[in-house]
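Subject: Handover of a structure and findings

Dear colleague,

Please find below the structure that I am handing over to you. My findings follow directly after it.

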Amino acid sequence: MAPQVVNENESGYLPPLKTKIDSIQNYDVVFVGFPTWGMKLPPPMKSFLKQYDLRGKTVIPFNTNAGYGVGSSFETVKELCANSKVLEGFTMKGGIERDGVYLVIKDEKAKEAEVKVKQWLQKIKIIK
Ligand SMILES: Cc1cc2nc3c(=O)[nH]c(=O)nc-3n(C[C@H](O)[C@H](O)[C@H](O)COP(=O)(O)O)c2cc1C
């Protein structure tokens with residue numbers, strides 16, 4: 001049997017989200033963070049980006065993955081946010097859920113992440 005995410009990607013299923021955001025109109029900049037699933041944007045993220053009107057806003061993607069990269073996820077964010085300004089995303093290797101490896105961004109890796117995130121935020125001119 002194919003994994004759930006493969007089936008959901010094939011059928012275009014958009015899982016309903018539990019969290020509702022009432023004040024999205026108050027935000028000019030929206031960071032969207034997600035893991036790579038099946039080398040794509042996870043279906044709940046597609047639900048989110050289709051549910052909320054982000055036109056005219058700046059959208060900034062960031063990602064963790066098990067070492068295989070972002071796949072098509074950043075491209076899909078751009079497609080689903082065609083009327084937003086989508087900035088260059090950030091990615092780094094996180095845990096490997098399949099192998100029970102969780103919450104790896106701590107200690108030395110947290111320091112590395114902090115440096116890299118800062119460099120990225122400077123590059124995309126979010127901080128000086
Ligand atoms: C359903 C599912 C599919 C996944 N597919 C991929 C994949 O295609 N490529 C990849 O590098 N990691 C894949 N992963 C691993 C996750 O991206 C990784 O565990 C996650 O980014 C870890 O994030 P964290 O350290 O923030 O918890 C998958 C995980 C799950 C649960």
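In what follows, a residue is called buried if 20 or more other C-beta atoms lie within 10 Å of its own, exposed if 12 or fewer do, and partly exposed in between. Please also bear in mind that this is a predicted model.

Let me apply that rule to one residue at once. Phe31 has 14 other C-beta atoms within 10 Å, and therefore counts as partly exposed. Its place is in strand S1. Leaving aside the neighbours within four places in sequence, Phe31 is in contact with Ile60 and Phe62. The C-alpha atoms of Phe31 and Val86 are separated by 9.8 Å, although these residues are 55 apart along the chain.

I turn next to the chain as a whole. The protein chain has four helices and four strands, and from the N terminus on its elements follow the order α-β-α-β-α-β-β-α. Of its 128 residues, 19% count as buried. The C-alpha trace spans about 40 × 40 × 25 Å along its principal axes. A compact globule of 128 residues would have a radius of gyration near 14 Å; the protein chain has 15 Å, which agrees. Among contacts between residues at least 6 apart in sequence, 79% join residues at least 24 apart.

The pairing of the strands may be described from strand S2, which comprises residues 58–65. Strand S1 (residues 29–35) runs parallel to S2 and is joined to it by seven bridges; here Phe34 stands opposite Asn63 of S2. Together with helix H2 (residues 43–51), S1 and S2 make a β-α-β unit that is right-handed.

S2 also pairs with strand S3 (residues 85–86), in the parallel sense and over two bridges. In this pairing, Thr58 has Lys85 of S3 as its bridge partner. With strand S4 (residues 90–93), S2 again pairs in the parallel sense, over four bridges. Thr91 of S4 is the residue opposite Asn63.

Which residues come nearest to the ligand? They are Pro35, Asn65, Ala66, Tyr68 and Gly94, out of the 19 residues around the ligand. Sorted by class, this shell has 10 nonpolar, eight polar and one charged residues. Among the nearest residues, Pro35 belongs to S1, whose range is residues 29–35, and Asn65 belongs to S2, whose range is residues 58–65.

Leu103 has a phi near 45°, a positive value in a residue other than glycine. Leu103 lies in the loop between S4 and helix H4 (107–123). Is Leu103 buried or exposed? With 7 other C-beta atoms within 10 Å, Leu103 is exposed.

Lys125 is not a glycine either, yet its phi is positive, at about 65°. Lys125 is found in the segment after H4. There are 8 other C-beta atoms within 10 Å of Lys125, so this residue is exposed as well.

Yours sincerely

Conventions. Residues are numbered from 1 along each chain as its sequence is written. This is a predicted model: local features need pLDDT of at least 70, side-chain atom pairs count only at pLDDT 80 or more; totals for chains, interfaces and linings use all residues. Two strands pair if DSSP finds at least two bridges between them. A crossover is right-handed if, with the strands pointing away from the viewer, the path from the first strand over the helix to the second runs clockwise. A residue is near a molecule or strand if its C-beta atom, placed from the backbone, lies within 6 Å of it. Ala, Val, Leu, Ile, Met, Phe, Trp, Tyr, Cys and Pro count as nonpolar, Asp, Glu, Lys and Arg as charged, and the others, Gly among them, as polar. The radius of gyration is taken over C-alpha atoms; the globule rule is 2.2 Å times the number of residues to the power 0.38. Two residues are in contact if their C-beta atoms, placed from the backbone, lie within 7 Å.
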